[in-house]
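Student: Hi, can you walk me through this structure? I'm new to it.

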Amino acid sequence: MAWRLYSLEPLRTEALAGPGEDPPNLQDSGGSYPFHPLEEPWEAKGAPPVPWPEPLYFVDGRERAEALIFDGRRLVLLGCVAAGAVAFAGGGMRLLEPRVRRVGVGLWEPLGLGELVYEPLPLEGGGEPLSPTALQEGLAKARALLEEDLAKGLEGGLLIVDGPVRLRRQGPVLGYIKTHWARYLPEDKEALIPTLRPGERTPMFRVRRGGRELASWYLRLPLPPEGVRPPESGLLRVETPLSPEAKGLADLSLSLFPALASHPVKDPRAPQNLLPVGSLERELSRRMGSRDLVGRILARYLGGG
Amino acid sequence: MMGGPENGQRIGVVLGRREATPLEFWVGVEGEGLLRLDDLVVVEGYHPKVGRVRYFGMVDHVAKAHEGESYDTDTFLAVEGKIPVSLAYVAHVSVTRIVPEEFFPPDPGSAVYLAQGEDLELALYYEAMKNQRGSTKLPAGFLKNGEVAYLNLEFLNGVKGGHVNISGISGVAAKTSYATFLLKSLLESGVLEDAHQARVLLFNVKGEDLLFLDKPNLRLSPEARRDYEKLGLDPGPFRSVYFLAPPKKGGEGILPNVETRMEGVKAYYWDLVQFAQKGLLPFLFADRGGMSNLGYLIVHVTEKLRRLAEGQKGPHLLVSDWPGAELPEEITFDDLGRVRLKSFAQLVQYLEYKLLGPEGGKGEGDSTWVARQARGTLEAFVRRLRSSVENVGHLIRGDRPGNPPDPLSGSHQVHVVDLAKLSPQAQMFVVGSLLSDLFAKKERGQYRGRVFVVLDELNKYAPRDEESPIKDVLLDIAERGRSLGVILIGAQQTASEVERRVVGNAAIRVVGRLDAAEAERPEYRYLPTSFRQRALILPQGAVILHQPEIPVPLLLRFPFPAWATKREEVLEDNSAEALRREFF
């Protein structure tokens with residue numbers, strides 16, 4: 001049976017935040033996260049401003065579920081994923097050519113609909129019908145793969161990724177986490193966080209994830225006007241693979257992130273959604289094409305739901 | 001980046017985000033491309049049912065903007081290197097021509113080329129500017145890219161259209177400069193085929209700017225000289241110019257009332273017989289329209305005067321029906337006992353006697369003169385006449401044979417008539433008299449060549465809201481002149497104050513620097529918005545020219561005058577020959 005359009009509005013229309021959240025399951029059941037400080041004493045740290053290394057890369061991705069289709073037996077999620085990078089060099093931010101792919105999560109062979117071609121992305125589970133949630137996760141995975149692939153092509157310099165550090169690369173890499181579901185610090189140490197002033201950070205502490213050891217710290221971004229928001233606002237957790245350079249990167253991060261913090265007037269996700277990344281996200285969404293237009297093409301080729 | 005239409009330089013593509021139509025479209029400029037206002041471009045379109053179509057157009061709006069910025073302050077972030085932006089450089093093109101005329105839109109994404117060479121000629125319809133006898137491309141200045149701009153002579157000389165109208169504020173707009181440049185081109189470019197027969201009547205309304213047209217300009221730079229050569233014109237002054245100025249008031253003899261130019265200026269004036277025979281009386285009444293009875297009386301008295309002067313030789317006017325007892329003292333008789341009127345003042349006194357009767361008395365005027373008009377009308381007429389004595393007494397005289405300007409006679413091609421020192425009433429009188437005389441002669445076929453009349457301050461002579469005999473003459477010229485070979489090159493600060501039909505009949509419209517409020521008036525609606533904005537900031541030496549064939553106006557630069565426009569600019573001829581002429 002041919003594919004029919006099942007729904008043009010699957011689950012979430014667009015995943016904005018990406019992997020910004022820590023997976024809640026990091027936390028040990030019942031107990032607190034095993035705390036291991038990497039710097040002493042446990043007090044707020046500042047650092048003199050340093051020039052940014054060049055090149056400096058910001059990588060981010062975006063995904064969009066475009067339609068659920070159905071052939072009478074299985075559901076397939078058609079979506080679009082995009083990844084792009086912004087490079088800082090020579091005093092200016094430059095957008096690198098983004099990558100955009102259309103994927104059919106659960107498809108076994110390419111599906112061409114007019115000018116749109118959805119590449120197959122088979123999921124584990126064989127021929128079993130997949131739940132919409134599993135399909136959405138598949139799309140997220142496709143985006144993560146695309147981001148990773150793109151990041152591999154970026155040579156030299158410092159790479160900054162939105163979310164936890166998962167990829168492995170030759171040069172230094174910083175990941176930043178904007179929302180904080182998991183608690184990494186015991187309560188007495190956590191007391192330091194509300195006292196952080198903009199541009200200050202906590203000492204580094206160790207994070208273990210997926211067999212990797214990472215150094216992590218919290219830093220406070222400026223969020224005007226100061227002092228009228230809850231103390232958690234403007235908080236960023238930054239991590240980098242544990243190495244001798246980690247301390248230098250932690251100090252550099254104080255010159256980097258506060259300067260790139262977005263302003264609440266312009267971005268509802270301020271200040272954590274960094275300026276170049278905000279621009280990159282807009283650009284990626286543009287490159288995915290008009291949602292209405294895609295919907296129209298899909299409806300034309302696949303008929304009504 | 002070569003290739004495409006006639007090897008023009010590729011400059012960008014037709015934009016798809018904004019509508020592309022057969023009459024206008026937007027262009028995205030690519031790479032290092034440069035596209036400016038007034039640049040001419042060409043785009044090729046294709047449709048299987050029609051084939052290849054080429055769109056020629058002119059850039060009338062260019063803009064740059066940062067894409068990817070949602071707030072104005074994002075620019076600061078971009079400058080600091082915190083966000084990436086891309087620079088969009090776009091231009092709006094007004095289509096001037098489609099070849100062949102198939103009005104379907106160009107495809108977004110089509111390559112856009114700069115129009116050069118033949119393409120440029122096509123874009124501006126130059127190749128169509130010709131008749132059976134040859135090219136009618138009259139050099140009109142330079143385009144922004146330095147190429148010569150042309151206007152179609154057939155829209156100036158009366159064949160397809162005629163008349164030029166120039167608007168612009170004083171001082172910077174260079175109305176007179178452009179008018180004289182146009183004359184230079186008309187007379188010397190060789191495009192007007194009977195140029196040697198053409199005559200020019202130039203009215204000098206301000207200062208003495210036009211009294212040095214025959215003198216080379218000291219400040220003419222080598223670049224300006226090259227400009228003239230590029231236009232195919234001689235970088236020198238006008239060759240055949242005759243200067244006329246009103247006589248000085250009072251004093252002995254008749255000397256032209258000029259200050260900066262001493263030699264070669266003749267005084268002009270009418271004698272009383274000419275005044276009567278030519279029927280010039282109405283031109284002393286600029287406000288006739290207000291009272292229709294007065295208008296009737298003027299016509300009647302004019303006719304009476306004409307009959308009175310019949311057969312007389314002048315300069316004085318002889319009248320036989322003014323009894324001696326009533327005469328003022330200084331008036332004399334001739335051999336036959338007729339009264340000899342030797343000045344305009346005396347003529348006015350005579351008319352007063354004829355219309356109102358003996359001075360101081362309650363008598364009645366001569367019934368053949370009065371024409372049954374009420375005494376109030378007669379008194380109004382006399383009052384006006386009396387007040388004009390001071391204004392035109394030196395221009396209308398009975399003491400010597402008249403020397404009124406006559407651009408159609410004599411050997412000089414250009415006649416400059418100075419009005420600057422005259423009162424408004426006298427200016428009206430001179431302009432009205434000259435133009436009506438000239439028009440009447442052309443109507444009777446007394447002169448074959450074309451006559452170009454240059455008149456500034458049209459708002460004074462043909463005001464929108466008032467009636468006057470001068471306005472009637474100008475309207476006549478505007479409406480019928482082109483078929484008779486009388487071409488008006490009129491100018492004014494504000495076209496909105498000039499009679500619509502006078503401006504409306506001009507095929508060629510020129511705009512110099514405009515006042516901001518003036519530029520918004522409907523008279524300038526033929527200019528696209530961008531041109532109206534630019535008219536506010538036009539530099540000296542630049543004008544916007546609109547001609548019927550080209551749907552967009554052209555911004556032109558014209559060369560610095562090769563003739564002096566004031567005493568200080570006169571290039572003194574100190575050669576031995578010239579000095580010899582001067583002293584011996």
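Tutor: Let's start with some terms. Helices (H or I, at least four residues) and strands (E, at least two) are DSSP runs, numbered from the N terminus. On a 1 Å grid over the protein atoms alone, a pocket is an open set of points where a 1.4 Å probe fits, with protein on both sides within 12 Å along at least five of seven lines; lining residues have an atom within 4 Å of a point. The model is predicted: local features need pLDDT of at least 70, side-chain atom pairs count only at pLDDT 80 or more, and totals for chains, interfaces and linings use all residues. Residues are numbered from 1 along each chain as its sequence is written, chains are lettered from A and ligands numbered from 1 in the order written, and side-chain values use heavy atoms, with hydrogens and water left out.

Student: OK. Which element gives the largest share of the lining of the largest pocket?

Tutor: That is α3(B), with five residues.

Student: And which residues lie nearest the centre of that pocket?

Tutor: B:G171, B:A174, B:T176, B:S177 and B:Q540. The whole lining counts 36 residues. In chain B, α3 (175-188), β12 (199-204), β21 (451-455) and β22 (486-492) each give two or more of them.

Student: What classes are in the lining?

Tutor: There are 18 nonpolar, 10 polar and eight charged residues. Here Ala, Val, Leu, Ile, Met, Phe, Trp, Tyr, Cys and Pro count as nonpolar, Asp, Glu, Lys and Arg as charged, and the others, Gly among them, as polar.

Student: New topic. How many residues does each chain bring to the contact?

Tutor: Chain B brings 12 and chain A brings 16. Contact means heavy atoms within 4.5 Å.

Student: What area is buried between the chains?

Tutor: About 1000 Å², with carbon and sulfur atoms giving 56%. Buried area is the accessible area (1.4 Å probe) that two parts lose on being put together, summed over both. On the chain B side, B:Y71, B:K82 and B:P84 lose the most, together 51% of what that side buries.

Student: How many salt bridges link chain B and chain A?

Tutor: One. A:K266 and B:D74 form a salt bridge through their side chains, at 2.8 Å from N to O. The rule wants a side-chain nitrogen of Lys or Arg within 4 Å of a carboxyl oxygen of Asp or Glu.

Student: And over all chains? How many salt bridges are there?

Tutor: The search finds 62. One of them pairs A:D162 with A:K178, at 3.1 Å. A:D162 sits in strand β9 (158-162) of chain A and A:K178 in the loop between β10 (173-177) and α2 (187-190), so the pair ties together parts 16 residues apart in sequence.

Student: Where are the cis peptide bonds you'd point out?

Tutor: One runs from A:P224 to A:P225, with omega near -10 degrees. A:P225 is in the loop between β12 (212-220) and β13 (235-241) of chain A. Another joins A:A270 and A:P271, with omega about -5 degrees.
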